[in-house]
Every structure is written in structure tokens, then in C-alpha cells.
Amino acid sequence: MVDIGPFIGQVFVIVLLVVLAIFVIVVLFRAIRIIPQAYAGVVERLGRYQRTLTPGLNLLVPFIDRVLPLVDMREQVVSFPPQPVITEDNLVVSIDTVVYFQVTDARDATYEINNYLGAVEQLTTTTLRNVVGGLNLEQALTSRDEINSRLRLVLDEATGKWGIRVSRVELKAIEPPTSIQDSMEKQMRAERDRRAAILTAEGSKQSQILEAEGRRQAEILRAEGDKQAQILRAEGESAAIESVFRAIHAGNADDKLLAYQYLQTLPKISESSSSKLWIIPSEFTDALKGLSNGFSAGRGTPTPPTAP
């Protein structure tokens with residue numbers, strides 16, 4: 001018979017070595033922990049906080065140390081669903097908020113609060129209702145920066161003991177009720193129409209003022225032109241009269257020539273449309289007498305003596 005005792009012993013030794021190797025591998029695997037960058041790991045030893053693992057290679061005590069789920073140390077952006085908020089004038093508005101926060105202490109974020117993300121959401125909702133509840137609708141729509149600052153201060157102060165730093169809070173949208181939106185649109189439309197009417201009236205007013213100013217300037221220029229024309233015409237007539245007067249006196253004209261000039265001037269006087277009535281000067285009768293005496297003397301008719 002074949003003795004199987006040594007064979008069984010060899011198999012046992014091989015199995016024992018394999019188990020020992022597996023145990024060593026498991027121990028090494030449990031003793032070495034690699035933490036990624038921007039993450040942190042909380043280590044508990046026998047159920048009690050022991051230390052916080054930093055990014056890189058870390059050594060643990062196998063089967064004694066336990067690493068909790070890793071904590072993300074990067075800044076996180078969380079958009080919360082719309083929340084109904086009642087304003088000071090008893091209007092319900094729907095407000096969407098966005099919170100920017102960062103975990104600064106993994107230990108406090110793990111042990112000081114059960115669910116820090118849910119806690120931030122609930123704290124944001126209650127703080128938002130407290131802040132907006134003291135404002136009317138118009139102030140809530142126009143004071144976003146003030147609301148954001150007040151929310152950030154309250155949240156940052158409350159979450160400090162949780163190892164969380166709130167950097168920014170933004171109101172993404174403020175939705176008034178539908179009826180209020182319709183009223184606001186009508187009000188804005190009426191305001192735009194009013195401004196358009198004012199601008200149209202102002203334009204018409206300026207246009208009329210400019211037209212009146214233009215007509216006034218035109219009338220002034222026309223009157224100035226007529227005035228200058230009349231002055232120049234009068235000066236020309238005066239110069240012509242003076243020239244004629246000087247020529248007559250320089251030529252020593254007799255009564256016959258003067259009577260002849262009067263006769264030539266009469267038709268021109270009668271041609272004027274405004275000359276409905278004109279008076280013959282006394283010099284004209286004297287000139288006619290002189291002219292008739294001249295004709296009589298030409299025919300040889302004696303001139304009657306003039307009374308002394």
C-alpha cells in the first residue's frame with residue numbers, strides 16, 4: 001500500500017502557506033490607504049476618532065482602524081428647488097437659490113452634523129424666508145445683492161461649527177404670482193406708453209418752437225431786407241433828384257424847359273395804381289403860362305403886358 005501521510009502533510013503545508021499569503025495580502029491592503037487629491041478621510045480606531053488622512057499614501061492598523069467615506073474638500077455648488085416665500089405685503093413668491101460652500105474640516109463635517117448638505121438646504125430655506133419676509137415685492141425684486149449678503153453672513157456663521165465655509169449665495173430666480181406678473185407687465189407697458197407720449201409731445205413742442213423761431217427770423221430778415229431796399233431806393237432817388245437839380249441849375253434852364261419836363265412827368269404820375277387823386281402844384285400853372293407865352297411869341301402874337 002502507498003503511504004499517503006506525507007502527501008497529505010505536503011498539501012496541508014501548501015494550503016497553509018496560501019492562506020498565510022492571502023492573509024498577508026489582506027493585511028497589507030488594509031494597512032495601506034491612498035487618498036486622492038482634494039479629498040480627506042476620517043479614521044476611527046475601535047469606534048473612536050483617531051485622525052484625518054491627507055491626500056497621498058497613508059498607513060493604518062489592520063482590523064483596528066476604519067476609514068469612513070471620503071469627504072470632498074472642493075468648493076461645491078448646490079442649486080436648491082424653488083421655495084415659496086411670503087413677502088411683507090402678503091404675496092407668495094417662488095425663489096430659487098444657489099449656494100457655494102466648501103468643507104474646511106472633515107472631522108467637524110462628519111461628527112458635528114448628520115447630513116451637512118441637507119442642513120445647508122434647510123438653513124438656506126428658513127433664512128431666506130426670514131430675510132424676504134421683511135421686504136415687500138418691489139424691494140425683493142430690486143434688492144438681490146442685499147439679500148445675498150445677508151443670507152451668506154447668516155449661513156456662514158451657522159455652518160462654521162460644522163466645518164463648512166459658505167462663500168456665496170445667489171438668488172437664481174424670483175417668480176411672483178401670475179396675476180402680479182400680468183399687472184407688472186401692464187404697468188410697464190403703460191409706463192413705456194407714457195414715456196413715448198411725453199417724448200412725442202416734447203418733440204412736437206420743439207418742432208413748433210423751431211418753426212416759429214424760423215418764421216420770426218425769416219420775417220425779421222425780410223423786414224430788414226425791405227428796410228435796406230427802401231433806404232437804398234430813397235438814397236438813389238435822392239441822389240437822382242440832386243443830380244437833376246444840379247444839372248438844371250448848371251444849365252440855367254428857362255421856364256419853357258421846366259414846363260416841358262412837368263408835362264412829361266404827368267403821365268408817369270397817373271400810371272401809379274395808388275394815384276387816385278393828385279394835386280397840380282402852382283409852379284406847374286406858371287410853367288404852362290410861360291410855355292403858352294413862348295408859343296404865342298413864336299407865332300408873332302404880342303404878349304400882354306404884365307401888371308406891375
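Strand 7 and strand 8 pair in the antiparallel sense over 10 bridges, where two strands count as paired if DSSP finds at least two bridges between them. Helices (H or I, at least four residues) and strands (E, at least two) are DSSP runs, numbered from the N terminus. The structure is a predicted model, in which local features need pLDDT of at least 70 and side-chain atom pairs count only at pLDDT 80 or more, while totals for chains, interfaces and linings use all residues. Residues are numbered from 1 along each chain as its sequence is written, and side-chain values use heavy atoms, with hydrogens and water left out.

The protein chain contains 8 helices and 9 strands. Of its 308 residues, 22% are buried; buried denotes under 20% relative accessible area, exposed over 50%, and partly exposed the range in between (1.4 Å probe, protein chains only). Among contacts in the protein chain with a separation of 6 or more, 63% involve residues 24 or more positions apart, a contact being defined by heavy atoms within 4.5 Å.

An open sheet is formed by 3 strands in the order 7-8-9, with antiparallel pairing. Axes here are lines fitted to C-alpha atoms, for helices over the stretch in contact, and angles run from 0 to 180 degrees between N-to-C directions.

Strand 7 and strand 8 form a hairpin with 5 residues between them, and N90 in the turn has a positive phi of about 60 degrees. Within this pairing, P84 stands opposite S94 in strand 8. Strand 8 also pairs with strand 9 in the antiparallel sense, over 10 bridges. There, V99 has V169 of strand 9 as its bridge partner, and F101 stands opposite V166 in strand 9. Helix 3 lies across strand 7, strand 8 and strand 9, and runs at about 40 degrees to strand 7.

The packing of nonpolar residues was examined next. A nonpolar core is a set of buried Ala, Val, Leu, Ile, Met, Phe, Trp, Tyr and Cys residues joined through side-chain atoms within 4.5 Å. The largest such core has 35 residues, and those with the most contacts inside it are I95, L128 and I147. Elements giving two or more residues to this core are strand 2 (39-45), strand 7 (75-86), strand 8, helix 2, helix 3, helix 4 (137-142), helix 5 (144-159) and strand 9 (164-175). The most is given by helix 3, with 7 residues. When residues up to four places away in sequence are not counted, I95 touches P81, P82, Q83, V85, L128, V132, L171, A173 and I174. Another core, of 5 residues, lies apart from the largest one and includes I35, V43, L53 and L60.

A search of the whole structure finds 3 aromatic pairs; rings of Phe, Tyr and Trp (its six-membered ring) pair if their centres lie within 6.5 Å, and planes under 30 degrees apart count as stacked, over 60 as edge-to-face and the rest as tilted. The ring centres of Y49 and Y111 are 5.9 Å apart and the planes stand at 80 degrees, so this pair is edge-to-face. Because Y49 lies in strand 3 (residues 48-53) and Y111 in helix 2 (residues 106-111), the pair ties together parts that are 62 residues apart in sequence. Y49 is partly exposed at 29% relative accessibility, and Y111 is partly exposed at 35%.

In the pair of F101 and Y116, the ring centres are 6.2 Å apart and the planes stand at 75 degrees, so the arrangement is edge-to-face. F101 belongs to strand 8 (residues 92-103) and Y116 to helix 3 (residues 116-132), so parts 15 residues apart in sequence are tied together. F101 is buried, with a relative accessible area of 0%, and Y116 counts as buried at 19% relative accessibility.

Charged groups also sit over aromatic rings, as defined by NZ of Lys or CZ of Arg within 6 Å of the ring centre and within 35 degrees of the ring normal. The charged end of R107 is placed over the ring of Y49, 5.0 Å from its centre. Likewise, the charged end of R168 sits over the ring of Y100, 5.2 Å from its centre.
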